[in-house]
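User: I have a model open and would like to talk through its geometry. Could you take my questions one at a time?
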Amino acid sequence: MKIAVVGTGYVGLVTGTCLAETGNQVICVDINAEKVKMMQDGKLPIYEPGLDILFHRNIGQGRLHFTTNLGEAIEEAQIIFLALPTPPGGDGSADLSYVLGAAKDIGKLIKDYKVVVTKSTVPVGTADKVRAAMDSQTKVPFDVVSNPEFLREGVAVEDFMKPDRVVIGTTSERARKIMGELYAPYVRQGNPVIFMDERSSELTKYAANSFLATKITFMNEVANLCELVGADVDMVRKGIGSDERIGRRFLFPGVGYGGSCFPKDVQALVKSADENQYNFKILNSVIEVNETQKKILFEKVKKYFDGELAGKKFALWGLAFKPETDDVREAPALYIIDELINAGATVTAFDPEGMDNVRKMIGTKISYAADPYSALHNADALLIVTEWSLFRNPDFDQVAKLLKNKVIFDGRNLYDLQKMLDCGFYYNSIGRKIVTKEGADENVASGS
Ligand code: UDX
């Protein structure tokens, strides 16, 4: 099939590349000429494991092209994907100006039937707005389809090539058939393509992300309670996760959820509910708890040093909101850094992929280390914020030697408590007993 993808952000680029991989002809279009030139020259503007292989293969075999010209991109395309940003507006609702602007432009340009697919995460009712925007510009027939993406950063290629499910929202038989054919190669293993109306499809995306954010937030609160009652959240997690109705995944407590999707989508669903005079109480609590959780590591540090943080030096491992990405949007590390700097401390950070992006945002507010160990020199404590594999099994003798104090605050529960005890560290993690030199016996209320 011939496909155009409008917007070459994270979703657009993964979608375009993975659609080319099954033999489709794909043109990706973007208004950013510099970025388009870069991609035409075979350079990937984002870091995503496994994407580079597919990107180069499909460019090399002539199935993946890039342009700044929307007219050229959509001329021969049967399907046009809209993968444009929907940033949160001032009031938390998704800003649709990019999506609706593109819909109008496409309306002006089309000469024959097209399926226009919203891939961006958009509020319920957007398909109708896209349809109206195009209708105002053309008499040519078209269908608008909602097809939300469920990609996780870091494993996006795998998620696209072998999705758990594909959701397609359309009431048009013609569009349904085209979309069904397009996705057939991706669901050969038997995973479902679920057809529904546009509004249900749009809501499915928000409901999925908000449910997952709620699941994590629930575990963060269980972890906080574990610390107060002397329980171990790792045990509780295993205990409840083996119930298939709960499931093992997304039960890991930590420093709060971040990234480009969960914070934005939970906010937007609350806003949509508000607009329909419905108070989505549980999600309001999720937002509130997550705000507190993002600062939990800082609160632990503050408590340990009796509020005396001025002049102290902290090493920070992990800036990206999660491993295997350079994305630092809404990353808990940024909140922790802010609090430490405001309290008069200095921070030296290391992250395998996220440092350039943080440097662009906060510049020299913190120092950046060339490797995990050089961040530790003379630091009063080590804070672990992202669970990169590189941090999972460090040389603890080296860590102990380089740090001024043998003190670790771990926001991702990477280490075994006994191991920390044996190595002689003070070790404070999430929802588990605090390891002190005297033994793993100190229970301290977190965030209190
Ligand atoms: C998410 C959804 O998973 C994906 O389906 C959707 O398309 C986009 O949003 P992503 O933001 O890439 O994907 O990351 P994900 O792996 O889901 O993690 C989101 C956040 O939750 C991260 O900050 C992560 O650290 C946190 N998290 C996740 C936990 O704190 N505990 C967990 O058990 C799982």
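Analyst: The discussion below goes from the overall fold to individual residues.

User: Before that, what kind of model is it, and how are residues numbered?
Analyst: This is a predicted model, in which local features need pLDDT of at least 70 and side-chain atom pairs count only at pLDDT 80 or more, while totals for chains, interfaces and linings use all residues. Residues are numbered from 1 along each chain as its sequence is written.

User: How many helices and strands are there?
Analyst: The protein chain has 17 helices and 16 strands. Both are DSSP runs numbered from the N terminus, with helices being H or I of at least four residues and strands being E of at least two.

User: And what are the overall dimensions?
Analyst: Along the principal axes, the C-alpha atoms of the protein chain fill a box of roughly 75 × 45 × 40 Å.

User: What share of the residues is buried?
Analyst: Of the 448 residues, 46% count as buried. A residue is buried if 20 or more other C-beta atoms lie within 10 Å of its own, exposed if 12 or fewer, and partly exposed in between, with C-beta atoms placed from the backbone.

User: Switching to domains: which ones are assigned?
Analyst: Domain 1 covers 2–196 and domain 2 covers 232–448, with bounds that come from an automatic or database domain assignment. Their centres, taken over C-alpha atoms, are separated by 35 Å.

User: How many residues touch across the two?
Analyst: In domain 1, 12 residues are in contact with 15 residues of domain 2. The domain 1 side divides into six nonpolar, four polar and two charged residues. Here Ala, Val, Leu, Ile, Met, Phe, Trp, Tyr, Cys and Pro count as nonpolar, Asp, Glu, Lys and Arg as charged, and the others, Gly among them, as polar.

User: Now the ligand. Which residues come nearest?
Analyst: Of the 19 residues around the ligand, Glu153, Phe252, Tyr257, Gly259 and Cys261 come nearest. A residue is near a molecule if its C-beta atom, placed from the backbone, lies within 6 Å of it. The shell divides into 11 nonpolar, four polar and four charged residues.

User: Where does the shell come from?
Analyst: Domain 1 and domain 2 each supply at least three residues to the shell. Helix α9 (residues 198–229) gives the largest share, three residues.

User: What is the span of α9?
Analyst: The end C-alpha atoms of α9 are 47 Å apart, which agrees with the 46 Å that its 32 residues should span at 1.5 Å a residue. The expected span of a helix is 1.5 Å times one less than its number of residues. Just after α9, Gly230 takes a positive phi of about 80 degrees.

User: Which residues of α11 are buried, and what covers them?
Analyst: Phe262, Pro263, Asp265, Val266, Ala268, Leu269, Val270 and Ser272 are buried in α11. Their cover includes α9 and α12.

User: What follows α11?
Analyst: Gln277 follows α11, with a positive phi near 55 degrees. Most residues other than glycine have a negative phi. Gln277 lies in the loop between α11 and α12 (281–293), and it is exposed because it has 6 other C-beta atoms within 10 Å.

User: And what is the phi of Phe250?
Analyst: Phe250 has a positive phi of about 60 degrees although it is not a glycine. Phe250 sits in the loop between α10 and α11 and is partly exposed, with 16 other C-beta atoms within 10 Å.

User: Why does Val255 count as buried?
Analyst: Val255 counts as buried because it has 29 C-beta neighbours inside 10 Å. It is found in the loop between α10 (233–241) and α11 (262–275). Leaving aside neighbours within four places in sequence, its contacts include Gln293, Ile296, Pro332 and Gly411.

Technical notes:
Two residues are in contact if their C-beta atoms, placed from the backbone, lie within 7 Å.
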